[in-house]
Amino acid sequence: MDARTRGRERLAEAAADLIDRPDVSVGRMFGSEGYSVRGKLFAFVERGGDLVVKLSEERIAELALAPMVMRGRPMREWAVVPFARDAEWGGIAAEALGFVDEITP
(Lines give C-alpha, C1' and ligand atoms only; values in the text may rest on other atoms or scores of the structure.)
Protein backbone atom coordinates (compact mmCIF):
# COMPACT_ATOMS: atom_id res chain seq x y z
CA MET A 1 0.00 0.00 0.00
CA ASP A 2 1.41 3.41 -0.90
CA ALA A 3 1.80 6.27 1.60
CA ARG A 4 -1.10 8.35 0.29
CA THR A 5 -3.50 5.41 0.47
CA ARG A 6 -2.34 4.63 4.00
CA GLY A 7 -2.86 8.28 4.95
CA ARG A 8 -6.33 8.40 3.38
CA GLU A 9 -7.36 5.31 5.31
CA ARG A 10 -6.04 6.78 8.56
CA LEU A 11 -7.86 10.07 7.96
CA ALA A 12 -11.12 8.27 7.17
CA GLU A 13 -10.84 6.48 10.53
CA ALA A 14 -9.76 9.57 12.46
CA ALA A 15 -12.44 11.83 10.99
CA ALA A 16 -15.33 9.35 10.73
CA ASP A 17 -17.53 11.42 13.03
CA LEU A 18 -16.91 14.60 11.01
CA ILE A 19 -18.40 13.23 7.79
CA ASP A 20 -21.67 12.53 9.61
CA ARG A 21 -22.33 16.28 9.66
CA PRO A 22 -24.69 17.40 6.88
CA ASP A 23 -22.45 20.34 5.89
CA VAL A 24 -19.27 18.22 5.54
CA SER A 25 -18.44 16.36 2.34
CA VAL A 26 -15.57 14.31 0.95
CA GLY A 27 -14.38 14.79 -2.61
CA ARG A 28 -11.31 14.83 -4.81
CA MET A 29 -8.95 17.71 -4.05
CA PHE A 30 -5.27 18.05 -4.98
CA GLY A 31 -5.25 14.46 -6.27
CA SER A 32 -6.53 13.11 -2.98
CA GLU A 33 -9.75 12.87 -1.02
CA GLY A 34 -10.38 16.21 0.62
CA TYR A 35 -12.76 17.07 3.43
CA SER A 36 -14.74 20.27 3.08
CA VAL A 37 -17.40 22.20 4.95
CA ARG A 38 -19.95 23.93 2.72
CA GLY A 39 -17.53 23.52 -0.18
CA LYS A 40 -14.45 24.95 1.59
CA LEU A 41 -11.54 22.56 2.02
CA PHE A 42 -10.23 21.99 5.55
CA ALA A 43 -8.22 18.72 5.35
CA PHE A 44 -6.64 16.33 2.85
CA VAL A 45 -3.81 13.81 2.63
CA GLU A 46 -0.82 14.75 0.50
CA ARG A 47 1.22 12.46 -1.73
CA GLY A 48 3.63 11.45 1.04
CA GLY A 49 0.79 10.32 3.30
CA ASP A 50 0.79 13.27 5.69
CA LEU A 51 -2.32 15.19 6.68
CA VAL A 52 -2.68 18.79 5.50
CA VAL A 53 -5.08 21.07 7.38
CA LYS A 54 -6.23 24.68 7.40
CA LEU A 55 -5.76 26.36 10.79
CA SER A 56 -4.94 29.80 12.12
CA GLU A 57 -1.27 30.72 11.99
CA GLU A 58 -1.23 30.98 15.79
CA ARG A 59 -2.60 27.45 16.20
CA ILE A 60 -0.12 26.08 13.66
CA ALA A 61 2.70 27.55 15.75
CA GLU A 62 1.23 26.16 18.99
CA LEU A 63 1.07 22.67 17.48
CA ALA A 64 4.63 23.05 16.11
CA LEU A 65 3.51 22.11 12.59
CA ALA A 66 5.39 22.87 9.39
CA PRO A 67 3.66 24.97 6.74
CA MET A 68 2.41 23.30 3.57
CA VAL A 69 4.66 24.34 0.69
CA MET A 70 3.27 24.60 -2.82
CA ARG A 71 5.51 25.46 -5.76
CA GLY A 72 8.25 26.50 -3.37
CA ARG A 73 6.06 28.86 -1.33
CA PRO A 74 4.69 28.27 2.17
CA MET A 75 0.90 28.49 2.09
CA ARG A 76 -0.64 30.78 4.71
CA GLU A 77 -2.89 28.95 7.19
CA TRP A 78 -2.08 25.49 5.76
CA ALA A 79 0.01 23.05 7.80
CA VAL A 80 1.34 19.51 7.49
CA VAL A 81 0.64 16.99 10.26
CA PRO A 82 3.11 14.14 9.81
CA PHE A 83 1.83 10.56 9.61
CA ALA A 84 3.95 9.87 12.68
CA ARG A 85 1.49 12.07 14.62
CA ASP A 86 -1.55 10.20 13.29
CA ALA A 87 -2.93 9.72 16.81
CA GLU A 88 -3.61 13.48 16.75
CA TRP A 89 -5.28 13.55 13.33
CA GLY A 90 -8.87 13.29 14.55
CA GLY A 91 -8.55 16.19 16.95
CA ILE A 92 -6.59 18.36 14.53
CA ALA A 93 -9.03 17.65 11.67
CA ALA A 94 -11.90 18.63 13.98
CA GLU A 95 -10.06 21.87 14.82
CA ALA A 96 -9.55 22.54 11.11
CA LEU A 97 -13.25 21.96 10.47
CA GLY A 98 -14.12 24.40 13.26
CA PHE A 99 -11.69 27.00 11.93
CA VAL A 100 -12.94 26.83 8.33
CA ASP A 101 -16.57 26.65 9.47
CA GLU A 102 -16.04 29.85 11.47
CA ILE A 103 -14.44 31.80 8.60
CA THR A 104 -16.78 30.52 5.86
CA PRO A 105 -20.01 32.44 5.30
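This is a predicted model: local features need pLDDT of at least 70, side-chain atom pairs count only at pLDDT 80 or more; totals for chains, interfaces and linings use all residues.
Q: Start with α1. What span should it have?
A: Helix α1 covers residues 3–14. Its 12 residues should span 16 Å at 1.5 Å a residue, and the end C-alpha atoms are 16 Å apart, which agrees. The expected span is 1.5 Å times one less than the number of residues. Helices (H or I, at least four residues) and strands (E, at least two) are DSSP runs, numbered from the N terminus.

Q: Which residues of α1 are buried?
A: Arg4, Gly7, Arg10, Leu11 and Ala14 are buried. Buried means under 20% relative accessible area, exposed over 50%, partly exposed in between (1.4 Å probe, protein chains only).

Q: Where do they fall, seen down the axis?
A: The buried residues of α1 fall within an arc of 125°, so they line one face of the helix. The arc is that of the directions from the helix axis to the C-beta atoms.

Q: What covers them?
A: The cover includes β2 (32–37), β3 (40–45), β4 and α3 (89–103).

Q: Switch to Val53. Buried or exposed?
A: Val53 is buried, at a relative accessible area of 0%. Val53 sits in strand β4, residues 51–54.

Q: What is it in contact with?
A: Beyond neighbours within four places in sequence, the contacts of Val53 are Phe42, Ala43, Glu77, Trp78, Ala79, Val81, Ile92 and Ala96. Contact means heavy atoms within 4.5 Å.

Q: Now charges. How many salt bridges are there?
A: The structure holds 12. A salt bridge is a side-chain nitrogen of Lys or Arg within 4 Å of a carboxyl oxygen of Asp or Glu.

Q: What about Asp101 and Arg38?
A: Their side chains form a salt bridge at 2.5 Å, N to O. Asp101 lies in helix α3 and Arg38 in the loop between β2 and β3, so the pair ties together parts 63 residues apart in sequence.

Q: And Asp101 with Arg21?
A: That pair also forms a salt bridge, at 3.6 Å, N to O. Arg21, Asp23, Arg38 and Asp101 are linked in a network of salt bridges.

Terms used. Residues are numbered from 1 along each chain as its sequence is written. Side-chain values use heavy atoms; hydrogens and water are left out.
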